[in-house]
Amino acid sequence: MLPTSAWLALVTGFWSLLYLLDAYAKTHKRYGLRYCEFQDRNGIQVTVAQVRWYSTCLNRVFLKVGQWKPALTRVWFTAGVWFGIAAMLSSIALLIWTLIKSFSVEKKERVLTPVMPGVNLPLNQIVYYFAVLFISGVFHEFGHAMAAVREQVRVNGFGIFLLAIYPGAFVDLHTDQLNAVSPIRQLRIYCAGIWHNFVLVLAGIFVMLTLPALLSPLYVTGSGVVLTDVIKNSPVFGKHGLQSGDFVNALNGCPVNSIEDWSRCMGAIVYYPPPGYCMPVGKLQQMSHTVPLYVGYGGHLECCNNTSASDLCFSYEIVSDSENQEKSHSCVEARPVTEQPRCQKNSDCLAARRTVCIHPFLDKNTKLIKIMKSRGKSVLYVGDPYLFGHSVSVSNYIPKYSYLPISLPDIIDLFCRYLISLSGALAILNAVPCFALDGQYILTAFIEFSLKTVLPNREDRESVQSLTLIFGTILLAANILLALYTLFVS
């Protein structure tokens, strides 16, 4: 993550440079007129911290789609009206609840969290961010345009923009025709945007839940995990260690069939005593090349002279001639030991009088982890288990064919998560009865539709509308300021 100041400086510098270049091109003696004509011809406009493109090239598409199956689209957009009204009321309740919880003594709840690349959004996921925001914005405006055509309101044009770091879209409707239609028809148009955002959320949820079945012809799940990334220069990376594409099915004998199993097994490694291994006493003495105990790095006792990376100090208890338990240490090669049956005490081993249960002699923050792979030798890791966990990334989806990318299922899954989060946020945000948002126009049409008989005086209805909009605007602004304060100050 970049520091906040560095990120703000980068964004400010980019837009300042773009604005200056645009101003210079417009005033250039030789090419200024051509540049302006090019912008006008293609609907391009550059302003402070914003680039905008506007065109009428999609008008025929909107007209054709909006006139398709009128009866079906009527039901579709009427359902959007019900959702829009429910979303508007729910958004107010949600924002009030958030403010109350934020100032209570309990743990603060945040519904609105500004997403800023480089601040609280990893830069390696910025493509998902821009792609999802763009798709959600375009689909939102496509809903408005399609509903407008269906209600005989002309679409003048369509455009997209980039405002600071937020991409978006807009649709230009004929204002007089829009104001002339009935309130219920206006509601179908105004609610269509957030309704389509909600449909995107449902689509994302559906794909996430059915992804194993959808990808079953190409990927196998439930038979292990695949390493999608191993950090270079980490202790486990290398030709004889772990690499991207390795299939893992066990950690220290704990079966791993999914990411959930991986997390459970890693938790057992961190929080529970490490397993021991049943080792015949004669074989142990034959393999041992122990040196007298000495204080090693970090103040921990060692029994190996560290001349071989494959050796490890093990401790065990053996019954002496006086029938007392005596603790001993042996420095032996670790790999043959880990191939023996696991145990916790001597009595767990068969032929206990001739076999002992030996445990890795390590400090409390160091663990011996045996990573079993489907192909090739298992990998032994001695070190901090947290470092091991952060060095690798795993996926449930094992490719059936070698040419398939191992990261594709995770890309789809992460894209769906962003789609659910950002498209859902756009639906909630636009539903708030706030000035300049869809909620303003939804509220106006809803009041005209539902309160005309209760409040026949137009001024009374406008007063209710104004007070509600002021309240919604203040409520949304308070939540945004609180979220920004939490993000940058707390």
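How many bridges join β16 to strand β17, and in which sense do the two strands run? In this predicted model, 5 bridges join β16 to strand β17 (residues 379-383), and the two run antiparallel. Residues are numbered from 1 along each chain as its sequence is written, and because the model is predicted, local features need pLDDT of at least 70 and side-chain atom pairs count only at pLDDT 80 or more, while totals for chains, interfaces and linings use all residues. Side-chain values use heavy atoms, with hydrogens and water left out.

Helices (H or I, at least four residues) and strands (E, at least two) are taken as DSSP runs and numbered from the N terminus; two strands count as paired if DSSP finds at least two bridges between them. Opposite G383 in β17 stands K367. The two strands β16 and β17 form a hairpin with 5 residues between them, and G376 in the turn has a positive phi of about 85°. Strand β16 also pairs with strand β7 (residues 247-251), in the antiparallel sense and over 3 bridges. In that pairing, V248 stands opposite K373 in β16. Strand β16 itself (residues 367-373) is mostly covered, with 6 of its 7 residues buried. Here buried means under 20% relative accessible area, exposed means over 50%, and partly exposed lies in between (1.4 Å probe, protein chains only).

A pocket is found on a 1 Å grid over the protein atoms alone, as an open set of points with protein on both sides within 12 Å along at least five of seven lines, where a 1.4 Å probe fits; its lining residues have an atom within 4 Å of a point. Rolling a probe the size of a water molecule over the atoms shows where empty space is left. The second largest pocket has a volume of about 560 Å³, a volume being the space filled by probe spheres set on the points, with grid points joined across faces, edges and corners. Its lining is made up of 24 residues, and N306, D311, L312, L362 and V382 lie nearest the centre. The elements that give two or more residues to this lining are β12 (311-319), α10 (334-338) and β17. By class, the lining of the second largest pocket has 13 nonpolar, 6 polar and 5 charged residues. For this count, Ala, Val, Leu, Ile, Met, Phe, Trp, Tyr, Cys and Pro are nonpolar, Asp, Glu, Lys and Arg are charged, and the others, Gly among them, are polar.

Turning to charged side chains, the structure holds 11 salt bridges, each a side-chain nitrogen of Lys or Arg within 4 Å of a carboxyl oxygen of Asp or Glu. One of them links D22 and K26, whose closest N and O atoms are 3.2 Å apart. D22 counts as buried at 5% relative accessibility, whereas K26, at 34%, counts as partly exposed. In helix α8 (residues 259-271), D261 and R264 lie 3 residues apart, about one turn of the helix. Their side chains meet in a salt bridge (3.4 Å, N to O). D261 is buried at 17% relative accessibility, and R264 is partly exposed at 46%. Salt bridges that share partners also join R150, E151, R185 and R188 into one network. R150 counts as buried at 15% relative accessibility, and E151 counts as buried at 2%.

Most residues other than glycine have a negative phi, and most peptide bonds are trans. A164 has a positive phi of about 60° although it is not a glycine. This residue, A164, lies in the loop between β3 (155-163) and β4 (166-173) and is partly exposed at 28% relative accessibility. A436, likewise not a glycine, has a positive phi of about 75°. The loop between α12 (408-431) and α13 (438-450) holds A436, which counts as exposed at 66% relative accessibility.

Finally, G282 lies in helix α9 (residues 281-287) and is partly exposed, with a relative accessible area of 49%. G282 and A478 are 196 residues apart in sequence and 74 Å apart in space, C-alpha to C-alpha.
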